[in-house]
Amino acid sequence: MTTTLAPQPDAAEAAANPGKRHILLVFAGLMVTMLLASLDQTIFSTALPTIVGELNGVDHMLWVTTAYILASTIMLPVYGKLGDLIGRKGLFIGAISIFILGSIVGGLAPDMTWLIIGRAVQGLGGGGLMILSQAIIADVVPARERGKYMGIMGGVFALSSVAGPLLGGWFTEGIGWRWAFWMNIPLGALAIVTAVFFLRLPVKDHANPKLDVAGMGLLALASTGLVLTTTWGGTTYDWDSLLVLSLIIATVVAAVAFVMIERRANEPIMPLHLFKDRNFNLTTVAGLITGIAMFGALAYLPTYLQMVTGANATEAGFLMIPMMAALLISSIGSGWLVSKFGRYKWMPIVGTIIVGVALVLLSTMTPTLPIWILCSYLAVMGLGLGLSMQILILIVQNSFPNSQVGTATVSNNYFRQIGASIGSAVVGSLFAARLTELLTERMPAGGAGAANSFTPAMVRDLPEAAHQIIISGYNDALTPVFLYMVPLVIVAVILLCFVTEKPLATTIERDILPETLETDGATYVRLEASAGAGAPAEQAASARPTLN
């Protein structure tokens, strides 16, 4: 069952410009929302040492990050499925509101317990901000036109990766770290106002929706076990410790039970039929590998830059700019090319190859490598990521009808988030173990133990002999890890070669009616790739579903 809106040519032409303005206003609100969520993942990286010092909670530092990641990962599939069942506008506004509530709790936190609670509440809302933004774009823009919008969304991640640490440092050294929370309130309010007045999405019949409560619970348990295993394993606890082994077993049991439940659920939170689609499987595995490579590489590069090059925290952030600039340019450029020519398969293949080349280049770094060459390696990494990340999501969205686009998008993103968690944890574990081994071998007797408390400033002030041992240890511990990830990237390239390049849709097929002037006070506008025109209000209001 689809809704066919067929505007008259002259009316369509007259409505073209208002339609474009409508999309731009909606898109601006989505960008503010995505910036909120992406900044919140990076802004505390430079502020955290000061925060935990003031609140006397160094031993709980890990939970400030883990609480947000865990809560957002658990909520990803929930927002995706509920969006398909009951509509995304109300959920979107609700997610922003929860995020703002978490920001207020964090901003007022008198101790580490309340700070962690605030971060968890932020995560409950943050899990919906990015995923609903991506799904809403699919609601209002056809796949052929969607590439340029998705490209700009990818650029938001690039901007936040640089702006987050810089803002965190600036707040900490200036008006106070609590402004990392307070700034979310006006930005969130702006996003809500934009959604209320300009976001007009299809009305869905949400009377008595059948929720997959058992599936949600089991997926939450499996996600929690996996995130905690990858966060704690090899760092806080040994991989062979009873706690970590118990988490692994519990995660596997919950995952198996989840699959069994999903096979019988009426409205599964992650339908197993998604995995029957070839493009979904290929792009999801490739996205997971991209998450491992991206976050595995990026999680420790700022530390490397500070320890080996002698840069302070702010300077290390600036040294990451070439990578983010390249990611921004290639992400926007690839989106424009998709919308212009409709061809896309080559982009993630070439992008993933470039990521592999960047990892090989990063594995050759030495303490004496000129800074400009190191920055050029980072730019190569950014170029590859920009060509691949958002296009993979577009391929997934183009493989399913609009009624399933939220669930499909969130399932793909869920596995990418899992890849990010695994990548950060595994690289961190390998890096820490190798660093400890090298420092034990190279430092004078008893000196390796003191290395646990080394800061970049302390390393810069060490005698030359000790200084060289430390920076060579950091270099030799991290650079081989980049090379270890290259085989994974090669697997991703091979998988992407088998993606089927389906024509990008130029219209939005629906099985429900769009909102009309009578329901939300404004006309629903749908873009056509060929004319960019929306349907007049009278036709939108009079449109009726027709059986095909």
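Student: How many helices and how many strands does the protein chain have?

Tutor: This is a predicted model, and in it the protein chain has 23 helices and 0 strands. Of the 548 residues in the chain, 56% are buried.

Student: What share of the accessible surface belongs to carbon and sulfur atoms?

Tutor: The accessible surface comes to about 22,400 Å², and 68% of it belongs to carbon and sulfur atoms.

Student: Where do nonpolar side chains tend to be in soluble globular proteins?

Tutor: As a general idea, nonpolar side chains in soluble globular proteins tend to be buried together. In this structure the largest nonpolar core has 49 residues, and Leu 30, Phe 92, Ile 137 and Met 153 are those with the most contacts inside it. Several helices each supply at least two residues of this core, among them α1 (9-40), α5 (112-140) and α17, and α1 gives the most, with 9 residues. If you select Leu 30, you will find that it touches Phe 92, Ile 137 and Met 153, and also Ser 133 and Ile 136, when residues up to four places away in sequence are not counted. There is also a second, separate core of 45 residues, which includes Tyr 304, Val 308, Leu 478 and Met 485.

Student: Is Val 427 buried or exposed?

Tutor: Residues count as buried when their relative accessible area is under 20%; Val 427 has 3%, and is therefore buried. Val 427 is found in helix α17 (residues 405-442), and, leaving out residues up to four places away in sequence, it touches Gly 296, Tyr 300, Leu 478, Val 481 and Met 485. The C-alpha atoms of Val 427 and Tyr 484 are 9.5 Å apart, although 57 residues separate the two along the chain.

Student: Which way do residues three or four places apart in an α-helix point?

Tutor: An α-helix has 3.6 residues a turn, so residues three or four places apart point the same way. In helix α21 (residues 486-496), the residues Val 486, Val 489, Ala 492, Val 493 and Leu 496 are buried. Seen down the axis of α21, these buried residues fall within an arc of 110°, so they line one face of the helix.

Student: Which residues make the nonpolar surface patch?

Tutor: The patch, of about 520 Å², is made by Trp 239, Leu 245, Ile 248, Val 252, Val 256 and Met 260. One of them, Val 252, lies in helix α10 (residues 242-262) and is partly exposed, with a relative accessible area of 48%.

Student: Which residues form salt bridges with Asp 277 and with Glu 501?

Tutor: In general, side chains of opposite charge can pair when their charged atoms come close. The structure holds 2 salt bridges. In one of them, Asp 277 pairs with Lys 502, and the closest N and O atoms are 3.3 Å apart. This pair links distant parts of the chain, 225 residues apart, with Asp 277 in the loop between α10 and α11 (278-298) and Lys 502 in the loop between α21 and α22 (517-520). Asp 277 is buried, at a relative accessible area of 14%, whereas Lys 502 is partly exposed, at 28%. Glu 501 meets Arg 343 in a salt bridge at 2.7 Å, N to O, and these two residues are 158 residues apart in the chain. With 25% relative accessibility, Glu 501 counts as partly exposed.

Key
Residues are numbered from 1 along each chain as its sequence is written. This is a predicted model: local features need pLDDT of at least 70, side-chain atom pairs count only at pLDDT 80 or more; totals for chains, interfaces and linings use all residues. Side-chain values use heavy atoms; hydrogens and water are left out. Helices (H or I, at least four residues) and strands (E, at least two) are DSSP runs, numbered from the N terminus. Buried means under 20% relative accessible area, exposed over 50%, partly exposed in between (1.4 Å probe, protein chains only). Accessible areas come from the Shrake-Rupley method with a 1.4 Å probe; for residues, only the protein chains shown count as cover. Contact means heavy atoms within 4.5 Å. The arc is that of the directions from the helix axis to the C-beta atoms. A nonpolar core is a set of buried Ala, Val, Leu, Ile, Met, Phe, Trp, Tyr and Cys residues joined through side-chain atoms within 4.5 Å. Patches are made of residues with over 30% relative accessible area and no salt bridge: like charges are joined within 9 Å, nonpolar side chains (Val, Leu, Ile, Met, Phe, Trp, Tyr) within 5 Å. A salt bridge is a side-chain nitrogen of Lys or Arg within 4 Å of a carboxyl oxygen of Asp or Glu.
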